[in-house]
Amino acid sequence: MDFTRRETLALGAGAALLSFLPFRANAAAVDDLIAEFTGGAEMADAGVELNAPEIAENGNTVPIEVSAPGASAILLLAAGNPTPPVAKFGFGPLAGSQTASTRIRLAGTQEVIAIAQLGDGTFARTSKTVKVTIGGCGG
Amino acid sequence: MATGVKPRVKVPGSASAGEVITIKTLISHQMESGQRKDSDGNKIPRSIINRFTCEFNGQSVLDMTLEPAISTNPYVEFQATVPETGEFKFTWYDDDGDVYEDSKPITVG
């Protein structure tokens, strides 16, 4: 089978588009989730901290810690998972500090995002890329 | 559905008034994500704990929503202020409607 230059280019472009599509769909889902949480408000860069390992050998259990002094809620998202939401922490009046740690599943190397609703009603966002050697979502 | 679910909680036995203590909780649960397939290629239905709360004498400390991306045997570590002698109450809500509870007393002295 012979391809003209034009056909080859078209095929290549199509393949590139296809490989981008799932990622784009996921990115839209992440944006939707963020908008739902913040109501479309601006997000500051400072005010929330996310502690995650740079390299996680096993994606099935990645230790992670979020902290945002004075926050009322923290939303945790994994942009590259089949379902991006990970957890939402709501801190009550007796929370000793707005810090929580847990273990999460990551399907592959990706960005983990934490968004905090701070005490004054504003939002802060931070993210960290975690390299995963073995994916954690089966399938 | 979920079998062998056993909550474990670590809370110090005593504290001084207003002290901030660290609480560690672990509950054995398979946290089936709904993404995996069995050997015949059928999807294994999702079965997770979707909410965890911690209260002290009726006042909220932590209210957490869990999604399928939380690991098997969900582990949560957080901090609480202890204003007086009382009891921490921990509640886990399963997808299948089960509710698992545990409580730990703490003395201020």
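Predicted model: local features only at pLDDT ≥ 70, side-chain atom pairs only at ≥ 80, totals over all residues.
Within chain A, strand E4 (residues 62–67) and strand E7 (residues 95–104) run antiparallel and are joined by six bridges; A:Val66, for example, has A:Ala100 in E7(A) as its bridge partner.

In chain B, strand E8 (residues 99–108) contains B:Tyr100. With a relative accessible area of 12%, B:Tyr100 is buried, because the limit for that class is under 20%. Its side chain makes a polar contact of 2.7 Å with that of B:Asp94. B:Tyr100 and B:Lys6 are 94 residues apart in sequence, yet their C-alpha atoms are 8.3 Å apart in space.

Over all chains, the structure holds three salt bridges. One joins the side chains of B:Glu32 and B:Arg36 at 2.8 Å, N to O; B:Glu32 is buried at 9% relative accessible area, whereas B:Arg36 is partly exposed at 39%.

Another salt bridge, also 2.8 Å from N to O, pairs B:Asp95 with B:Arg46. These residues, 49 apart, link distant parts of the chain: B:Asp95 is in the loop between strands E7 and E8 of chain B, and B:Arg46 in the loop between strands E3 and E4 of chain B.

B:Arg51 and B:Asp63 form a salt bridge with their closest N and O atoms 2.9 Å apart. B:Arg51 belongs to strand E4 and B:Asp63 to strand E5 of chain B, so the pair ties together parts 12 residues apart in sequence.

Conventions:
Residues numbered from 1 in each chain as written. Chains lettered and ligands numbered in written order. Heavy atoms only, no water. Pairing = 2+ DSSP bridges. Helix = DSSP H or I, 4+ residues; strand = E, 2+ residues; numbered from the N terminus. Buried < 20%, exposed > 50% of the residue type's maximum accessible area, 1.4 Å probe, protein only. Polar contact = N/O pair within 3.5 Å; in protein donor to acceptor, adjacent residues only side chain to side chain. Salt bridge = Lys/Arg side-chain N within 4 Å of Asp/Glu carboxyl O.
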